[in-house]
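Please keep the sequence and the coordinates at hand.

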Amino acid sequence: MTDISSLLVQPPPSWPEKYSGIPARLADIGNQTREKIYAGRSLPRVAPRKQGEELPVLPPDITRERFNEAVAELRKEIGEANVELNDKPLVDGWYMEHPNTHDAFHILEQDDTVSSATIYPGSTEEVQTTVRWANKYLIPIYPISMGRNLGYGGAAPRIRGAMVLDLGKRMNKVLKIDPDNCSCLVEPGVSYFALYEAVQATGYPLWIDTPDLGGGSVLGNAVDRGVGYTPYGDHFGCHCGMEVVLPTGEVVRTGMGALPGKDGEDNPCWQSFQYGYGPYNDGIFTQSNFGIVTKMGFWLMPATEHTSYLITFRDEDQYPQIMQTIRPLAINKVLGNVPQLRHVIQELAVTGKPKSHFYDGEGPIPREVIRKWAKDMPCGDCSWVFYGTVYGPDDFRKGQLDIIRREFGKIEGSRLMLPEKLPQDHYLHSRVSVCSGVPVLRELDWLNWLPNGAHLFFAPIAPTSGEDVKKLFELCRKRHEEYGIDLFPTLCVASRESHVIVNLVYDRSSPASKKAAYDCLRAMISDAAAGGYGEYRTHILFADQVANTYNWGGGALMKLNETLKDALDPNGILAPGRNGIWPERYRGKGYEIFPGDQRTSSLPPHINA
Ligand code: ADP
């Protein structure tokens, strides 16, 4: 085991000293979280690079001499310190000290999806300069805002040796908070922690919406179509206006931003009306590689009163009935937010204790063992736990809670609990924060389930129906048993559809554990597609497979995406392969990874040889 004291000499970076740091209100929790994570880590903190490989790793189709010439030119244009070569040992760090050189949650080898360098532009103009430079040298660049997209590839580029364009480090301003319009305009490096603090500092009664963890980029998460848990939880749905640098270097503003304001001002409706005039382009800049978003507007929710609650359900097989109860309540907006239905195993994991604390046998933790532990926890011996929140004045919330109590009460053995009845360290208190727009760190706790814990997400969309969710759970259960992995299902119910989020936790030090998670995810994607279900988001290395399941009409959608890609990015420099979209220069040359592919590296076999 690593001597953790040597890793903890410095406190985690704090905000605002560091744009991506942790605010003072969470300093202690940050320290404790880091300590717990490192206590379960046996991998060395710093990994030496592979012997004999010249560094930095180059992108495809370029000589070292030409690469060096390109780096020197870009350094001259945007500053020596703003182009950093990736030629040092790799450090996985942890959530608050994440790398921008590779995927900290590596699922193949640690150095598989490494970059050659990181570029730090300081303005939209410098992004344009960089893009034009990339076109000249045909170097692939991969934009990130914060790079904390853990479980989906982190900061790693899809192409080994591409350059990471880290927008957040020098472009991290909250440009505007408008208390009357209830909106804001941000740059890529504004985290949920930072936006929350900025709003608090104004004193305006406004809420932000945060995902489970608060360290991500507000803009980056919306561009990847992430979700949160207040009534404003659809992050893309609640954005209003973008500024985008196209892959050939031009800048566009979308929506009302395309209409210049008086005397050179930004248009006053840029953050008020999403659509502007003409085709609605914003969608093509999300989950794609069609542009680099440099500014983005968001709506903020007026602060309101709120009550979070949990409901436990006794039996494992009650979830179809639970889903049937949820759907009309969600569609009728009696459920105020995006509620979560979590399997009781998560009550154990979110205590932050390792699996070995609960069970030291082989394979997945047995159901009876989960029951034994749950019995002594506040949730009691149950199978499912539903976390919800209602909003508005007292009489609103009371009315909603009465209906919720009545409808869920029809499910035998269900019990509703309010926060005041639960101990201070119970997870419901963290939901109270998240569901009222206060960003936290709590969700990291279940990474301690396995030593060197990392995770992948399987994230299919299901109709909010008992029958559909049952089919998806059954296939997950079957595959998890086959690969010997604990099943952690959470349903985030948007109303007509549910995001079925399954966290595949694995041990980064164990090739067998990684392979099991990798193969299990591939199998589940294929099984789900055969039943008509597709993922809303996936890890960079699974993007080809997922994109290929959206193949109605002979792959008509991908043909459209490829037409757009080739028109917008004729040299194929921007994030090739992101979301399974390959520019012509790389297409069909062995980069795509489909199920059944036995390669152990993300590179095409001929390049790897
Ligand atoms: P977070 O730190 O919030 O998790 P990231 O910065 O890692 O988010 O962004 C998630 C993904 O979204 C990135 O891997 C990238 O593909 C895409 N992305 C992020 N920011 C931008 C941007 N400004 N322009 C274009 N794509 C982006």
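A salt bridge is a side-chain nitrogen of Lys or Arg within 4 Å of a carboxyl oxygen of Asp or Glu. The model is a predicted one, in which local features need pLDDT of at least 70 and side-chain atom pairs count only at pLDDT 80 or more, while totals for chains, interfaces and linings use all residues. Residues are numbered from 1 along each chain as its sequence is written, and side-chain values use heavy atoms, with hydrogens and water left out.

The structure holds 43 salt bridges. One of them joins Glu80 to Arg75, with 4.0 Å between the closest N and O atoms. Glu80 counts as exposed because its relative accessibility is 58%.

A second salt bridge brings together the side chains of Asp92 and Arg508, at 3.4 Å from N to O. This pair links distant parts of the chain, 416 residues apart: Asp92 is in the loop between strand 3 (90-91) and strand 4 (117-119), and Arg508 is in the loop between strand 21 (497-507) and helix 13 (511-530). Helices (H or I, at least four residues) and strands (E, at least two) are DSSP runs, numbered from the N terminus. Both Asp92 and Arg508 are buried.

Arg371 and Asp381 form another salt bridge, their closest N and O atoms being 2.9 Å apart. Arg371 belongs to helix 9 (residues 367-375) and Asp381 to the loop between helix 9 and strand 16 (384-391), so this pair ties together parts that are ten residues apart in sequence. Arg371 is partly exposed, with a relative accessible area of 40%, and Asp381 is partly exposed at 28%.

Now to the ligand. Which residues come nearest to it? Of the 20 residues around the ligand, these are Ser145, Met146, Ser217, Val293 and Arg578; a residue is near a molecule if one of its heavy atoms lies within 4 Å of it. An N or O atom in the side chain of Tyr142 is 3.2 Å from a ligand oxygen. Backbone atoms take part too: a polar one of Arg148 lies 2.8 Å from an oxygen atom of the ligand, and an N or O of Asn149 lies 3.0 Å from one. The protein covers 96% of the 550 Å² of accessible area that the ligand has on its own; such areas come from the Shrake-Rupley method with a 1.4 Å probe, and for residues only the protein chains shown count as cover. Helix 5 gives the largest share of the shell, four residues.

Key
A polar contact is a pair of N or O atoms within 3.5 Å; within protein, one must be able to donate a hydrogen and the other to accept it, and residues adjacent in sequence count only if both atoms are side-chain atoms. Buried means under 20% relative accessible area, exposed over 50%, partly exposed in between (1.4 Å probe, protein chains only).
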